[in-house]
Amino acid sequence: MDTLQEQRKNKKEMEFELKLAREKEEMYEREKQLKINRLVQEVSETEREDLEESEKVQHWVERLCQTRLEQITCVENESSELSPPQSPTSGPAVKRFPGGLHLATTDLDDINLDEVMRNTSHASRISRSSSPLGFQKYEEEFDPHSMFTSEQINGRDVRLLRIKKVGQLDIALEGGADSPLGKLVVSSVYEGGAADKHGGIVPGDELMAVNGKILTDAPLVQGQNSLARAWNSGGDWIDVVIAVSPPKQYEDEV
């Protein structure tokens, strides 16, 4: 009898251990999938930025090539007509090129394409982090000290945004009070969503409150749920309080 009870007890313990092992494995798979999704998002955003920068550089190169072709065509036409030399007048500077060609130069000849690429990259990042449309939609009368302590504000630019509920908000969060970041941070703002159209939120901003609910001590799941409930509840607007992320420093600014 004792042996039978002991066998049943051992069986229950084994079943419990197997259940725990399955739950741990499922949790590991979920975390792994979340990391993969986040990496895919970051790669997609990086590829999109590189494409925009390469298109701008290509535009400059095409302009330079077009100007060169027009100058060469003009010189060939003048040579074939054997027109007499004209009296010197104030005109564009002339530069000698290999092969004996003397072409009028333009400002495009002095363009450093490497410098253009660096400046284009920097300008595109700055424009995304400081869209002028966003400044028109902040609630100027909002006093952050009415909701948060001086320690929570910590000298940062804290703003109240009122976003129109159209479609989906389409932002992603990371971190949380119980994470190494110690706060809820916007990790992605998806193109075409309500947050993207509003223009006042960029990746790196801290989410501090939603519809009056303070989230400075909230873990990630609570922050995500609060944001979803506020968006899906009644009303045409959602109030979001963010701490603006500081501008990044780049190597070409040092």
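Me: What span should the 13 residues of helix α6 have, and how far apart are its end C-alpha atoms?
Reply: This is a predicted model. Helix α6 covers residues 220-232, and at 1.5 Å a residue its 13 residues should span 18 Å. The end C-alpha atoms agree with that expectation, being 18 Å apart.

Me: Within what arc do the buried residues of α6 fall, seen down its axis?
Reply: The buried residues of α6 are Gly-223, Ser-226, Leu-227, Ala-230 and Trp-231. They line one face of the helix, because seen down the axis of α6 they fall within an arc of 125 degrees.

Me: Which residues are exposed on the other side of α6?
Reply: An α-helix has 3.6 residues a turn, so residues three or four places apart point the same way. In α6, the buried set includes Leu-227 and Trp-231. The exposed residues on the other side of α6 are Val-221, Arg-229 and Asn-232.

Me: How many residues apart in sequence are the parts tied together by Arg-162 and Asp-239?
Reply: Arg-162 and Asp-239 form a salt bridge, with their closest N and O atoms 2.7 Å apart. Arg-162 lies in strand β3 (residues 158-164) and Asp-239 in strand β8 (residues 237-243), so the pair ties together parts whose separation in sequence is 77 residues.

Me: Which residue forms a salt bridge with Arg-38?
Reply: A search of the whole structure finds four salt bridges. Arg-38, in helix α1 (residues 2-81), belongs to a pair that links distant parts of the chain, 136 residues apart. Arg-38 is partly exposed, at a relative accessible area of 36%. With the closest N and O atoms 3.5 Å apart, its salt-bridge partner is Glu-174.

Me: Is Arg-159 buried or exposed?
Reply: Arg-159 forms a salt bridge with Asp-157, the closest N and O atoms being 2.6 Å apart. Asp-157 is partly exposed, with a relative accessible area of 36%. The cut-off for buried is under 20%. Arg-159 has 15% relative accessibility, so Arg-159 counts as buried.

Me: What distance separates the C-alpha atoms of Pro-144 and Ile-242?
Reply: Pro-144 is placed in the loop between α3 (132-135) and α4 (150-153). Pro-144 counts as buried because its relative accessibility is 15%. Not counting residues up to four places away in sequence, Pro-144 touches Ile-153 and Val-158. Pro-144 and Ile-242 are 98 residues apart along the chain, and their C-alpha atoms are separated by 10.0 Å.

Note on methods:
Residues numbered from 1 in each chain as written. Predicted model: local features only at pLDDT ≥ 70, side-chain atom pairs only at ≥ 80, totals over all residues. Heavy atoms only, no water. Helix = DSSP H or I, 4+ residues; strand = E, 2+ residues; numbered from the N terminus. Buried < 20%, exposed > 50% of the residue type's maximum accessible area, 1.4 Å probe, protein only. Contact = heavy atoms within 4.5 Å. Salt bridge = Lys/Arg side-chain N within 4 Å of Asp/Glu carboxyl O. Expected span 1.5 Å × (residues − 1). Arc of directions from axis to C-beta.
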